[in-house]
Amino acid sequence: MDFLIFKAPMLMVQASLDGILLGILFALIAYGMALQWGVMNIINIAQGDLVILGGYIAYTIYLWGIHPAWGVIISPIIMFFVGWGLYKLVINKVVDRDLFISILATFGIAIVFQQLMNFIFGADVVVAQSEYGTTMLFDNSVTLPNSKIFSAFISVLYAIALVIYMKKSKLGRAIRATAQNARAAKILGVDTEKVYAATFGINAALCGIAGALISITLTLHPYVGLPYTVRSFMIVIVAGLGNLPAVAVSGMGLGLFEEFADYILGTEFRIGAVFLLLVLILVYRRFKLSRKREYLK
Amino acid sequence: MEKVKQKDLILYSGLIILGLAAPYLFSAFKVQLTYLCVLIVLAMTWNLQGGEMGYNTFGNILFYGLGMYLTASVQVGMFFPLAEWTESGGEKTFVHTTTQYFQGIGVGLLVAAIIPTIIAGAIGYAILGLRGHYFAICTLGLGIAAGEIAGGIEIIGAGQGFTTPPFPAEIVDAEARGKFFYFLSFALLIGTFVFVKYIYGSRFRLILNAIRDNEDKAEAMGIQTMKYKIVGWMCSAFFCGLAGGIMGGLIGYIDSTDVAFDGREMGVFMVLMAILGGKGTLWGPVIGATLFHFFKEGLWTLILGWQYVALGVLIVVIVVYFPEGLMGWLREKYPERFGEVIDEKDRKAQVELK
């Protein structure tokens with residue numbers, strides 16, 4: 001094998017570290033998706049576009065001269081209300097319906113978002129400069145942007161905060177109750193409509209955090225939302241709903257896969273590899289389950 | 001019974017005559033009419049999966065794009081080196097003669113019909129074992145992966161696109177190109193319609209409906225569901241491949257993600273058209289595609305720049321408020337016309353219950 005990555009072991013270290021740090025970020029988006037999938041039973045194709053929108057919010061405050069890292073606080077607040085509004089406008093009409101309806105409806109939302117972002121922020125690839133510098137490891141042979149370490153750290157922090165919030169707070173308990181059995185929760189006095197709106201808002205807020213982190217670590221472009229949706233979908237189906245450690249692990253696994261695919265197959269096939277992996281995972285699960293004469297539900 | 005058949009006969013012959021006369025009547029809109037034919041074909045074949053079988057696929061765009069690339073590649077590759085053609089504007093160096101062009105497109109369309117069908121059969125067993133939304137997401141991934149991968153392959157033009165052979169210059173008639181592609185697509189439309197109509201009258205459709213309504217029960221009744229699902233998908237792939245091949249020749253330029261594996265436009269359009277017209281009906285996709293096309297062509301130019309926003313809003317509105325489509329709405333309103341026997345008392349009782 002004459003791939004560069006197998007000749008230089010340091011590249012492997014580089015790819016692994018990049019992959020893991022990136023994977024933590026993916027896991028955060030996937031956690032949001034798992035939350036709203038588990039509670040509301042809808043698949044949100046616009047997830048990735050919410051992420052990109054969150055990123056553009058951070059980019060906007062960067063353009064105003066504020067350090068983009070503040071985006072991790074401002075962006076989720078704005079995105080929470082975006083999510084809430086989206087729920088009130090569209091999502092509440094598809095919650096109890098067929099899943100395909102929710103897929104198509106959110107697909108429509110995704111297209112609208114992409115185009116509006118294209119109008120507002122332009123079709124250029126942009127990045128918010130955090131100017132955090134880079135860390136050099138192993139005699140300068142492995143370079144690690146500090147912004148990536150920062151983003152992984154913030155992701156972990158928010159994930160832990162959210163887990164504690166879901167366990168301890170009243171709303172968190174209401175959300176978990178609704179996820180277990182919406183009807184029973186309703187009978188016991190939980191305002192499920194409000195819970196759904198809050199869940200979608202929290203999901204959008206998580207997307208906002210992830211987007212703000214992406215704006216300083218990676219790049220933003222109005223049309224790159226769908227890969228993030230697919231990544232988070234993939235992580236959720238591998239990890240299962242509501243299993244946070246598994247979400248983190250499979251997120252990192254996906255990050256590793258992507259970085260290695262990048263080196264081995266070439267950057268032009270990176271997104272293709274992600275989508276192909278989705279197909280392969282689903283097909284693998286399908287064959288595994290069909291031995292027991294079951295199918296993915 | 002005999003009377004109904006006669007009525008059908010008049011309707012069909014009227015439509016065929018209209019179709020044949022259309023390029024002469026609306027001479028300026030030949031390209032639009034060709035688009036319409038292809039859109040109807042795509043909507044009808046999507047309906048076989050989404051409407052009849054209950055498998056909502058986003059993946060039929062895969063066969064459409066494959067057909068497009070295959071037709072163009074064969075058409076070029078039969079006579080000239082393909083790599084040189086795609087590398088640096090080979091269409092200027094190599095020129096197809098008239099016979100070469102038509103031979104090429106003929107063989108190309110043949111390949112474009114057969115290979116997607118084989119591929120559908122090959123991946124069908126793996127993919128069609130998924131159900132519901134997993135199937136939808138998986139096929140969505142498949143279509144986009146195909147586009148991304150095609151965009152990285154050098155020999156078919158990679159990211160810079162693939163120019164399909166230009167229409168032979170020896171034919172002086174300026175109308176010839178438009179007419180050729182129109183009649184090609186019209187023939188495809190008739191072929192598809194006859195085939196789908198045949199399916200609608202056959203046992204195959206009942207099996208597909210049984211799979212849609214309850215796959216486990218259908219299996220328990222002794223139907224080999226997987227076999228029928230794959231055959232159904234192969235039928236769609238056949239016509240989607242042909243539609244793609246014709247479209248590639250008409251557009252004259254193939255881009256991996258914007259023209260061929262265009263999940264953002266074509267891939268969504270076919271779903272939307274079928275739903276708009278009413279899935280699970282013979283005429284629904286035809287009407288839906290026609291309406292959609294008129295709406296699109298009428299409004300697209302008025303709202304320049306905002307088309308995609310309008311498209312997104314349209315998707316949301318149709319899906320959320322109008323999921324049964326036009327035919328579903330008509331069916332609810334005039335059930336007698338659809339051959340449904342309604343017990344008046346029962347109907348009233350149901351209304352009262354509501």
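User: How many residues of chain B are in contact with chain A?

Analyst: In this predicted model, 32 residues of chain B are in contact with 34 residues of chain A.

User: What describes two packed helices?

Analyst: The angle between their axes and the distance between the axes describe the pair. Take helix 3 (residues 60-77) and helix 11 (residues 225-251) of chain B: they pack at an angle of about 50 degrees, and their axes are 6 Å apart. Helix 3 of chain B is therefore oblique to helix 11 of chain B. The crossing of helix 3 of chain B past helix 11 of chain B is right-handed.

User: Which residues make the contact of helix 3 of chain B with helix 11 of chain B?

Analyst: Helix 3 of chain B contributes residues including B:Phe63, B:Gly65, B:Gly67 and B:Leu70. Among those from helix 11 of chain B are B:Ala237, B:Gly241, B:Gly244, B:Gly245 and B:Gly248. By class, this contact of helix 3 of chain B with helix 11 of chain B has 11 nonpolar, 10 polar and no charged residues.

User: At what angle do helix 3 and helix 9 of chain A cross?

Analyst: The axes of helix 3 of chain A and helix 9 (residues 192-217) of chain A cross at roughly 55 degrees and come within 6 Å. That angle makes helix 3 of chain A oblique to helix 9 of chain A. Their crossing is right-handed. In the contact, A:Leu50, A:Gly54, A:Gly55 and A:Ala58 are among the residues of helix 3 of chain A, and A:Ala204, A:Gly208 and A:Gly211 are among those of helix 9 of chain A. By class, the contact of helix 3 of chain A with helix 9 of chain A has 13 nonpolar, 6 polar and no charged residues.

User: Is helix 2 of chain A roughly perpendicular or roughly parallel to helix 10 of chain A, and why?

Analyst: The axes of helix 2 (residues 9-40) and helix 10 (residues 225-239) of chain A cross at roughly 70 degrees and come within 8 Å. Because angles of 65 to 115 degrees count as roughly perpendicular, helix 2 of chain A is roughly perpendicular to helix 10 of chain A. Helix 2 of chain A brings residues including A:Phe26, A:Ala30, A:Met33 and A:Trp37, and helix 10 of chain A brings residues including A:Tyr228, A:Arg231 and A:Ile235. The contact of helix 2 of chain A with helix 10 of chain A has 11 nonpolar, 1 polar and 1 charged residue.

User: Which way do residues three or four places apart in an α-helix point, and how does helix 11 of chain A pack?

Analyst: An α-helix has 3.6 residues a turn, so residues three or four places apart point the same way. Helix 11 (residues 244-265) of chain A has 22 residues and reaches 31 Å from its first C-alpha to its last, close to the 32 Å expected. Its buried residues include A:Val247, A:Gly251, A:Leu254, A:Glu258 and A:Ala261. The buried residues of helix 11 of chain A pack against helix 2, helix 10 and helix 12 (270-290) of chain A. After helix 11 of chain A comes A:Gly266, with a positive phi near 105 degrees.

User: Is B:Pro285 buried or exposed?

Analyst: B:Pro285 counts as buried because 34 C-beta neighbours lie inside 10 Å. B:Pro285 is in helix 14 (residues 284-300) of chain B. Its C-alpha atom is 6.6 Å from that of B:Ile40, 245 residues away along the chain. Leaving aside residues up to four places away in sequence, B:Pro285 touches residues including B:Ile40, B:Met44 and B:Met273.

User: What does B:Gly121 touch?

Analyst: B:Gly121, in helix 6 of chain B, touches B:Ile230 and B:Met234, not counting residues up to four places away in sequence. B:Gly121 counts as partly exposed, with 14 C-beta neighbours inside 10 Å.

Notes: Residues numbered from 1 in each chain as written. Chains lettered and ligands numbered in written order. Predicted model: local features only at pLDDT ≥ 70, side-chain atom pairs only at ≥ 80, totals over all residues. Contact = placed C-beta atoms within 7 Å. Axes fitted to C-alpha atoms, helices over the stretch in contact; angles between N-to-C directions. Helix = DSSP H or I, 4+ residues; strand = E, 2+ residues; numbered from the N terminus. Parallel < 35°, antiparallel > 145°, perpendicular 65-115°, else oblique. Left-handed = near helix turned anticlockwise from the far one by under 90°. Nonpolar A, V, L, I, M, F, W, Y, C, P; charged D, E, K, R; others polar. Buried ≥ 20, exposed ≤ 12 C-beta atoms within 10 Å, placed from the backbone. Expected span 1.5 Å × (residues − 1).
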